[in-house]
Amino acid sequence: MSTNYIFKGGNLMSEERYRRNTYPRKRRVKKSSFSIFGAGVFVLLSTVCIAIAVMIILDLSFPTGGIFFEGEAVPVFADDSDSPTLVSTALQTDNHEEESSNSSIHPPDNFGFYLLPFYILENLEAYINFANDRPDLSVEEVVWKVNVGIHVPLYSLIITNYDENPLLVSPVFRLPYGFSPPNLVPINNDNDALLATPEAVAAFRELRSASIRAGFPNGISATSGYRTAARQRANWERNGSRDGEVARPYHSEHQTGRAIDLWGPGGLMDQSGPSPIGTWVAENAHEFGFIMRYLAETTHITGYIHEPWHITYVGLEISMYMFENNILSLEEFVGRNPGAKLP
Ligand SMILES: [Zn+2]
């Protein structure tokens, strides 16, 4: 059971809504019928005005059911409200009689999702279901996890990321078929087989120079960069088409040209345990626009084991923000910053 979602311009939307927005129905209004159309609008507006006047005179109010909520915004975590409690009737509440006293601090969804800046209206039902399933999670965690589709088992929800320069590529976020980065350059001047985006290469060379200055005579070196979808498919099939170690084609960050695997003492960097240079990279990569993409603490979020060799270029702004706010995964960053883009 997989649902199709589209990710474009930093927004997540269902495929149906995407089509509606992308291919709006054309309106054809014949000139000859324009006066009839105008008369219709006039009659309609007059009716609405009269109705409003009647409501004002009789002191009636418009129905206000639904999920939008008018009122004073209050801090989400002013009390214990970060532990959501089960409110199964949240959306059916339509009793205006009881709104008298405290309605302004008890939103209809009762979890306070809508107070978070990264709340996405279309996800409300998923927030409520997930919060009910996982009462151990904070409201913030519920919202950002749903925003990046990790509230369900990995690969059961696939979201196609149509952003031109996609930030998040993962088991959930897939590149569109046929995707390839517009611009790739060699990571090392003497090796045309090892490519990455120009931004990633520039940052990598700075990181390498810094590693040499830090006392590692040879500095860091790359062993893998950009991979085509065909190459990724071959890797995946060679690995037995299992999820978890090798990414599926169109789900690999290497296909964006922003991921680089490092070579370390005796194999992939720190694959067989921490080394001084591997530790230095993990502690300093963020200062050059890279993140350590797959940490031991984030395996349940990213779907990958700890990969101390895999660094991903996200730009200095994002890498520093994640470092300063102790955000350990790109999933969490995007979940909390739905419109975020690469520089
Ligand atoms: Zn890698």
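Is Ser224 buried, partly exposed or exposed, and how many other C-beta atoms lie within 10 Å? In this predicted model, Ser224 is partly exposed, because 19 other C-beta atoms lie within 10 Å, whereas a residue needs 20 or more to be buried.

**Overall features**

The protein has 343 residues, of which 31% are buried. Its secondary structure comprises 10 helices and 11 strands. Among contacts between residues at least 6 apart in sequence, 61% join residues at least 24 apart.

The confidence of the prediction must be kept in view. The average pLDDT of the protein is 79, and 70% of the residues score at least 70. Residues 26-31 have a pLDDT under 50, and the model gives them 2 contacts beyond four places in sequence. The pLDDT is also below 50 over residues 59-107, a stretch with 38 contacts in the model beyond near neighbours in sequence.

| Strands | Sense | Bridges |
|---|---|---|
| S7 and S8 | antiparallel | 3 bridges |
| S8 and S9 | antiparallel | 2 bridges |
| S8 and S11 | antiparallel | 3 bridges |
| S10 and S11 | antiparallel | 3 bridges |

Ala222 stands opposite Leu262 in S8, and Asp261 stands opposite His310 in S11. Phe290 has Tyr313 in S11 opposite it, while the bridge partner of Trp263 in S9 is Leu268. S8 and S9 form a hairpin with 2 residues between them, and Gly266 in its turn has a positive phi of about 75°.

In a regular strand, side chains alternate between the two faces of the sheet. In S11, His310 and Thr312 lie on one side and Ile311 and Tyr313 on the other. These four residues are all buried, and both faces of S11 are covered.

Ser224 belongs to strand S7, which spans residues 221-224. Leaving aside residues up to four places away in sequence, Ser224 touches His254 and Asp261. The C-alpha atoms of Ser224 and Ala196 are separated by 9.2 Å, although these residues are 28 residues apart along the chain.

Leu184 is found in the loop between strand S4 (173-174) and strand S5 (185-186). Leu184 counts as partly exposed because it has 16 C-beta neighbours inside 10 Å. Beyond residues up to four places away in sequence, Leu184 touches Leu195, Ala196, Thr197, Tyr226 and Gly257. Its C-alpha atom is 9.7 Å from that of Thr256, a residue 72 places away in sequence.

In soluble globular proteins, nonpolar side chains tend to be buried together. The largest nonpolar core here contains 53 residues, and those touching the most other members are Tyr127, Phe204, Ile260, Leu262, Ala285 and Phe290. The core draws at least three residues from each of domain 1 (69-147) and domain 2 (181-336).

Which residues does Tyr127 touch, not counting those up to four places away in sequence? They are Phe111, Phe113, Val142, Val143 and Val146.

Definitions and conventions. Residues are numbered from 1 along each chain as its sequence is written. This is a predicted model: local features need pLDDT of at least 70, side-chain atom pairs count only at pLDDT 80 or more; totals for chains, interfaces and linings use all residues. A nonpolar core is a set of buried Ala, Val, Leu, Ile, Met, Phe, Trp, Tyr and Cys residues joined through C-beta atoms within 7 Å. A residue is buried if 20 or more other C-beta atoms lie within 10 Å of its own, exposed if 12 or fewer, and partly exposed in between; C-beta atoms are placed from the backbone. Domain bounds come from an automatic or database domain assignment. Two residues are in contact if their C-beta atoms, placed from the backbone, lie within 7 Å. Two strands pair if DSSP finds at least two bridges between them. pLDDT is the predictor's confidence in each residue, from 0 to 100.
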